[in-house]
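Dear colleague,

Please find below the structure I was asked to pass on to you. My notes on it follow directly after.

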Amino acid sequence: MSDEVNPFESLQEQIDDAAAYLEYSTDVLERLKHPERVLETTLSVEMDDGSVEVFEAFRSQFNGDRGPYKGGIRYHPQVSRDEVKALSGWMVYKCAAVNIPYGGGKGGIKFDPRQYSASEVERITRSFAKELRPLIGEDRDIPAPDVNTGQREMNWIKDTYETLENTTEPGVITGKAPESGGSAGRVEATGRSVMLTTREAFDYLGKDIERATVAVQGYGNAGSVAAKLIDDLGANVVAVSDSSGAVHNPDGFDARAAKDHKNETGSLAGFEGATEELSNEELLTMDVDLLIPAALENAIDGDIANHVQADIIVEAANGPLTPRADDVLSERDVAVFPDILANAGGVTVSYFEWVQNRQRFYWEEERVNDELERVITTAFEDLVDTYERTDAEDFRTAMYVVAIERVVDAAEEGGIWP
Ligand SMILES: NC(=O)C1=CN([C@@H]2O[C@H](COP(=O)(O)OP(=O)(O)OC[C@H]3O[C@@H](n4cnc5c(N)ncnc54)[C@H](O)[C@@H]3O)[C@@H](O)[C@H]2O)C=CC1
Ligand SMILES: O=C(O)CCC(=O)C(=O)O
């Protein structure tokens, strides 16, 4: 991609954009732009054939002024020190945007888990958990799932931690299976907040979600649940993609059937509800009402942004737009609703899981979903109030204004800063 940028630099640019609407000194702003610490380690793990392989792994703790560091663990060949730094920073501002009492962290192991057996993935995960042990804890740093990790990996990390610490501490990690202390509603929570943000955005912009056409890039946890729930609002999902490519039907198709096909065959290719297959870029530039990038960072750069035909973008992925794409889309009046609001359902229900773990009292799914809806609609109101009050250049900048003010207030009121 022509303007693919380092995601850590994107994060810093987003903070600078918001700073123009805030009256903080450069010292204060510099502190908001760098992680407090980053663990960089290597895991030496025995493979099934007896050989030993070495993996790079990271955990970044960006800012803990509002509470324990919080954020997922990603398994992907693109994982790097700067990527986890960016992702951990986005967690800080996400938790502040939806006003839950956490700071931000993120971790990852640089590998493709699909190339390894389940027992190899388990040994790699448990090896990482041993490295994380001194850093994590229910009041210190609480990991969770992200790309290519889920309940299985969270359960292994919890078990390794609890065994080594000789304790029972389910709140050390969230996104666990319900049998291991996970919360009802966590698997669907990220997609649910994407749906809630979409619903509020259409309402705010005076557009009708019923029969609105939708394209979704990335059909994993975040993208497939968002598609299913937006389909339930009456919208028409016409194209979805995964790393194997995109499928399209101009008349729309059942988002659940597309997910079933992916679960059964491992990819969207050959989905019988589609009439044609497209490239990833063709999906991103389709003439639809709503585009949901739900894969990885930098999916839409300045060049692609020039060809985007959607009226509204709701970011399910973290950092899917480059700063240049943001500028182009803002000039072209495409409304972008930012990741730090739209995908915050995951960490919000992680917060509910952590509360339930600490109280040893578990909620029904209906309560989880109701509380999540309250958090996201309140954050959406905070966003539009600030957007209108500041006349910010776009919704992302307005959301960062809200979030940065909360982080600075916590640091100042808490006596962390003079
Ligand atoms: N899982 C969670 O709770 C949360 C996830 N997110 C973010 O959502 C995004 C997706 O994460 P998950 O859904 O959890 O991951 P996942 O591993 O469940 O799914 C990722 C999907 O993206 C697809 N993909 C990868 N590269 C692609 C490409 N170039 N074009 C099209 N599709 C591509 C994969 O095939 C897969 O379908 C990430 O940015 C993640 O950080 C954000 C908040 C919470
Ligand atoms: O559930 C969580 O704690 C974090 C989820 C996450 O990694 C994210 O929001 O990007």
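Ala215 has Leu291 of strand 10 as its bridge partner. This pair belongs to the join between strand 6 (residues 213-217) and strand 10 (residues 290-293), which are parallel and held together by four bridges. Please bear in mind that the model is predicted.

Both strands are part of an open sheet of seven strands, whose order is 9-8-7-6-10-11-12 and whose pairing is mixed. Strand 9 (276-278) and strand 12 (335-337) form the edges; each has a single partner strand, so one side of each remains without a neighbour in the sheet. On average, neighbouring strands of this sheet are turned by 20° against each other, if direction is ignored.

Helix 6 (residues 186-204) lies across strand 10, strand 11 (312-314) and strand 12. Its direction makes an angle of about 155° with strand 11.

Which residues does the UniProt annotation "binding site" cover? According to that record, an unreviewed entry, they are Thr190 and Asn221.

Asn221, which is placed in helix 7 (residues 221-232), is partly exposed, with a relative accessible area of 39%.

Their contacts can be described in turn. Leaving out residues up to four places away in sequence, Thr190 touches Asn221, Ala222, Ala342, Asn343, Gly345 and Gly346. With neighbours within four places set aside, Asn221 is in contact with Val187 and Thr190. A polar atom of the Asn221 side chain lies 2.9 Å from the backbone oxygen of Val187.

Finally, some remarks on the protein as a whole. Its secondary structure consists of 15 helices and 12 strands. The radius of gyration is 20 Å, close to the 22 Å that the globule rule gives for 418 residues, so the protein is as compact as a globular protein of that length. Along the principal axes, the C-alpha trace spans about 55 × 55 × 45 Å. Of the 418 residues, 60% count as buried. Among contacts between residues at least 6 apart in sequence, 69% join residues at least 24 apart.

Yours sincerely,
A colleague

Definitions and conventions. Residues numbered from 1 in each chain as written. Chains lettered and ligands numbered in written order. Predicted model: local features only at pLDDT ≥ 70, side-chain atom pairs only at ≥ 80, totals over all residues. Heavy atoms only, no water. Pairing = 2+ DSSP bridges. Helix = DSSP H or I, 4+ residues; strand = E, 2+ residues; numbered from the N terminus. Axes fitted to C-alpha atoms, helices over the stretch in contact; angles between N-to-C directions. Contact = heavy atoms within 4.5 Å. UniProt positions renumbered as here; feature names shortened; annotations may be inferred. Buried < 20%, exposed > 50% of the residue type's maximum accessible area, 1.4 Å probe, protein only. Polar contact = N/O pair within 3.5 Å; in protein donor to acceptor, adjacent residues only side chain to side chain. Rg over C-alpha atoms; globule rule 2.2 N^0.38 Å.
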